[in-house]
Amino acid sequence: MSQINILWADDEIDLLKSSILFLENKGYKVTPVTNGKDAIDRVAQKGIDIVFLDESMPGLTGLETLSRIKQANNHIPVVMITKNEEENLMEDAIGSQIADYLIKPVKPQQILSTLKKIIDNQRLVSEKTTSSYQQEFQKLFMTMQDNLDYKQWAELYKQLVYWEIELNKSDSSMVEVYDSQKAEANREFNKFVIKNYKRWINSEAGDNTPIMSHTLLRNKLIPMLKENKPTFVVLIDNLRYDQWKAIQSMVMDSFKIDEEDSFYAILPTATQYSRNSIFSGLTPLKIQQQFPEFWKNDDEEGGKNLFEPDLLDAFLKRTLHEPIKHQYVKVTNHRDAELLEANITNYLTNKLTVIVYNFVDMLSHARTEMEVLKELASDEAAYRSLATSWFDHSPLQNALKKLAEKDVQILLTTDHGTVRVQDPSRCIGDRETTTNIRYKTGKNLNFEDRDVYAVKDPEEIGLPKSRLSSTYIFAKENKFLVYPNNYNHFVGFYKNTFQHGGISLEEIIVPVVKLSSK
């Protein structure tokens, strides 16, 4: 660890020589000054890691000096040292963002303890996190080699998300090791999904079938409707499990979490398929068969999610013994979001209100189009941070806070996640082949077998055929499908962007959370 440079400002600095010597013997460098002006000048010259600041000095007071130091460097930690224990003085100092304060006379050990708490805290946390993950690494590795079922895979993914957030938070040197381990987990998870998916989608696996998109509302929402209180479904499009964990504390400020669970998004992990299946309670194939007027194939013109309210109506009629008052609300732009916030309490007269909030999906797609967003969301941690910042300042959070004042229950969920794509895979198709880079459907597809899960008969996995010879291919892990034409351009354009449609832990295992008012 590099030497920590302390600036100590006190007009009686000569009386502090023993404390300064104590710190220097502990490996710290101490720069003493006797007044506020010199302290401000020294901070402006850079190289200071922390300031100890006497509150009562001639000339500039400690609080005045503090204000000027913060103007020069808002991030530098300042510890106020004072003889005065008046409450208003401490409130002023704390309001000015001091890191800590001490009451004179201070003992050397107090100073050392404060330094460790402030300066060494990040290092100590990082070392502890690294050590804990090193101990957990082998256990996680051995777990993923076992013959896991869908519940164990969901639990393993949650553990990986936990460690990803902790390692990023502590700036640990183990991040690269973690990335390698998550990549290995995704390789094994792909094998698991490909081995079991046909049995799951056709309800042939019995109790070994996860809750999936088309069984989500039947399993999670219908039991909630037995409660005599307004029920809301809030579906935030494209919300990954790690993004849910990032916003969880903000949600918990207003609500109790009654249950935190996950479900498996169907293939392709794309909005047209997953969200229509969620609201219909049917696979895409059965939607096409039972409601052909509500289904459009990838190669057909027009919006693919225009009939979600109709599919929801049909699901509720089919599932419930009596009709209920319900409403479907879709938010696709900021104006819609403002209207939702303004009108949210009007929905309390409904038994059920379904809110589809598209912002995260728009953010994800914009990620590939806008250079600014490419800079803002360059990796997993940045992508989480961007979603967290959005939620913190969103009309959605304000609307939820209004609901929290009422006696309501909420099912918070999503339709699928996204994965950061890194490895291109060549693919060739005709003009009718779909453009999504994580999955494609069409005839005469040529592709790298090792990079995709190919299904020649889509009906076997609950998907409709647009043509008799249609094939679906789903990109594995972090692969993305690129045509040979202008190959290098598109590789550079899409690499390290967040996409969906294929098979990965991030796309398939997604959150579903039951909330109630406190």
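First, the ground rules. The model is predicted, so local features need pLDDT of at least 70 and side-chain atom pairs count only at pLDDT 80 or more, while totals for chains, interfaces and linings use all residues. Residues are numbered from 1 along each chain as its sequence is written, and side-chain values use heavy atoms, with hydrogens and water left out.

Strands here are DSSP runs of E, at least two residues, and helices are runs of H or I, at least four, all numbered from the N terminus. Two strands pair if DSSP finds at least two bridges between them. For angles, axes are lines fitted to C-alpha atoms, for helices over the stretch in contact, and values run from 0 to 180 degrees between N-to-C directions.

Now some pairings. Strand 1 (residues 5-9) joins strand 3 (residues 50-54) in the parallel sense over 4 bridges. There, Leu7 stands opposite Val51. Strand 4 (residues 78-82) is joined to strand 5 by 4 bridges, also parallel. Val79 has Asp100 as its bridge partner.

Which residues of strand 5 are on its covered face? They are Asp100 and Leu102; Tyr101 and Ile103 are on the uncovered one. In a regular strand, side chains alternate between the two faces of the sheet.

Strand 12 (residues 423-428) runs parallel to strand 17, with 4 bridges between them. Arg426 faces Val482 across that pairing. Contact means heavy atoms within 4.5 Å.

On to a helix pair. Helix 11 (residues 271-280) packs against helix 13 (residues 308-319) at about 35°, with axes 7 Å apart.

Now the second largest pocket. It holds about 390 Å³ of space. Among its 20 lining residues, Asp179, Lys182, Glu380, Arg420 and Gln422 are the closest to its centre. On a 1 Å grid over the protein atoms alone, a pocket is an open set of points where a 1.4 Å probe fits, with protein on both sides within 12 Å along at least five of seven lines; lining residues have an atom within 4 Å of a point. The volume is the space filled by probe spheres set on the points, which are joined across faces, edges and corners. Helix 8 gives the most to the lining, with 7 residues.

Last, two single residues. Is Leu505 buried or exposed? Buried, at 0% relative accessible area. The cut-offs are under 20% for buried, over 50% for exposed and partly exposed in between, using a 1.4 Å probe and protein chains only. Leu505 lies in helix 20 (residues 505-508). Its contacts include Trp153, Tyr157 and Phe189. Gln397, in helix 18 (residues 395-404), is buried at 6%. Gln397 touches Met250, Phe391 and Asp392, leaving out residues up to four places away in sequence.
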